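Please look through the structure shown below and keep it in view while reading this briefing. The points that follow are grouped by topic, so that each can be checked against the picture.

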Amino acid sequence: METLRDRIVHWLARRDEGRREIVLATLLIVVLLSVGTFGYAILEGWSLMDGLYMTFITLTTIGFGEVRELSDAGRIFTILIGIIGIGTVAFVAGRAVQLLLAGERLRERQIMRRIRSMHEHYVICGSGRIGRRVAEDLRHTGANFVVIDRSENRIEALREQGIPAILGDAEEEATLREAGLERAQWLIITLPDDATNIFVTLVAKEINPRIRILSRTSDAKNQSKLRQAGAAKVVAPSDVGADRMAQVILRPHVDEFMEEVLKTSSLGLQMDEVTVQEHSPLAGRTLAESHFRQQFDAIVIAIVKHAGGADPGDALDGDGRLRFNPSPNDRIEAGDVLIVLGSNEMIRRLQREGCTAPA
């Protein structure tokens, strides 16, 4: 039968060297506290509380005076407790700090490995109110993304949630490269200053000319400047908020319906987009021929027609490529993007069985 000593030995064996050292040193401190407490009680006739207090202030070098007058034997005993214990306490404190720093570095390396493994992900610049909301929505959909911010507190809060985040300035090329911008599909800039957003857009386009950029603007007048810098989409949150307020007043039932749909949780539905790959089951067939509704139990709200390699981010720019409420005779071609409404499970099945080319 395994004894308590054997269990302790096996438990320590499973720990790394640093943690074993801290555990053993902590046990030594507990032993010293016990020895000191009973030692003062035996040598000086003190109470256990007085002995424990005297041992504690000796080990921690607090510097208070003696609890009572000590005999020569008591003073020699105090010297021995101090020689052994003070060094042990200092060792435990120093080793704990080392392990804390090592753990932080290990977490940093794990985050960077995770980022380096990402492809076709999203990079969010800024984790303020808007940036956090974008990150929450992306996380809800299970998308891969990286957040860049200059605030240590914000980065720490994101990392505690398991979100890969980088402490740095989005205006610096090295920071954007660290976030894997060369492999990303979208850069989302939510910084409050338009001049900074324009500069980040220019730097990002220089690093990855194919990157699609969605930028926030504080002034609608700067939308054209951001587009000239390379942003595919520019959003002014103040305008969006004003439009939403007007929508609530003028079309309350339409607004309520859209809110229920976009929340996805109340109806169990999700509005999403899927890209039709070449040689996939849906490519080259009309909606009627594919028996879309019967097969996937989802609604095709619109078809974004593929335009010979044009940036899908430009699909809603009014160039006629967006076919809203398509008819059963509309043909789905390879490269088209379907905007659909359905359950999460059905959309995943549509992506897997309808829009993906067979292996």
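In which helix is the place of glycine 39? Glycine 39 has its place in helix α2, residues 17–44, where helices (H or I, at least four residues) and strands (E, at least two) are DSSP runs numbered from the N terminus. The model is a predicted one, in which local features need pLDDT of at least 70 and side-chain atom pairs count only at pLDDT 80 or more, while totals for chains, interfaces and linings use all residues. Residues are numbered from 1 along each chain as its sequence is written, and side-chain values use heavy atoms, with hydrogens and water left out.

- Glycine 39 is buried because its relative accessible area is 11%; buried means under 20% relative accessible area, exposed means over 50%, and partly exposed lies in between (1.4 Å probe, protein chains only).
- Glycine 39 and glycine 74 are 35 residues apart in sequence, and the distance between them in space is 8.5 Å, taken from C-alpha to C-alpha.

- Strand β12, which covers residues 337–342, is mostly covered, since 6 of its 6 residues are buried.
- In a regular strand the side chains alternate between the two faces of the sheet.
- In β12, Val337, Ile339 and Leu341 point one way, whereas Leu338, Val340 and Gly342 point the other way, and all are buried.
- Strand β7 (residues 270–275) pairs with β12 in the antiparallel sense over 6 bridges, where two strands pair if DSSP finds at least two bridges between them.
- Within this pairing of β7 and β12, glutamate 273 has isoleucine 339 in β12 as its bridge partner.
- Strand β9 (residues 299–304) also runs antiparallel to β12, and 5 bridges join the two strands.
- Leucine 338 in β12 has isoleucine 303 standing opposite.

**Salt bridges**

- Side chains of opposite charge can pair when their charged atoms come close.
- The structure holds 12 salt bridges, each being a side-chain nitrogen of Lys or Arg within 4 Å of a carboxyl oxygen of Asp or Glu.
- One of them joins aspartate 50 and arginine 68, whose closest N and O atoms are 3.0 Å apart, and this pair links distant parts of the chain, with aspartate 50 in helix α3 (residues 48–59) and arginine 68 in the loop between α3 and α4, 18 residues apart.
- Aspartate 50 is buried because its relative accessible area is 18%, whereas arginine 68, at 42% relative accessibility, counts as partly exposed.
- Another salt bridge forms where the side chains of glutamate 289 and arginine 331 meet (3.6 Å, N to O), and this pair too links distant parts of the chain, with glutamate 289 in helix α12 and arginine 331 in strand β11, 42 residues apart.
- Glutamate 289 is partly exposed, having a relative accessible area of 41%, and arginine 331 is partly exposed with a relative accessible area of 36%.
- The side chains of arginine 349 and glutamate 353 also meet in a salt bridge (3.1 Å, N to O), and both residues lie in helix α14 (residues 344–354), 4 residues apart, which is about one turn of the helix.
- Arginine 349 counts as partly exposed at 26% relative accessibility, and glutamate 353 counts as partly exposed at 37%.

**Positive phi values in two loops**

- Histidine 291 is not a glycine, although it has a positive phi of about 50 degrees, and its place is the loop between α12 (287–290) and α13 (292–296).
- Histidine 291 counts as partly exposed because its relative accessibility is 48%.
- Asparagine 325, a residue other than glycine, has a positive phi near 50 degrees, and its place is in the loop between β10 (322–324) and β11 (331–332).
- Asparagine 325 counts as exposed because its relative accessibility is 56%.

**Arginine 116**

- Arginine 116 lies in helix α4, which covers residues 72–116.
- Arginine 116 counts as exposed because its relative accessibility is 51%.
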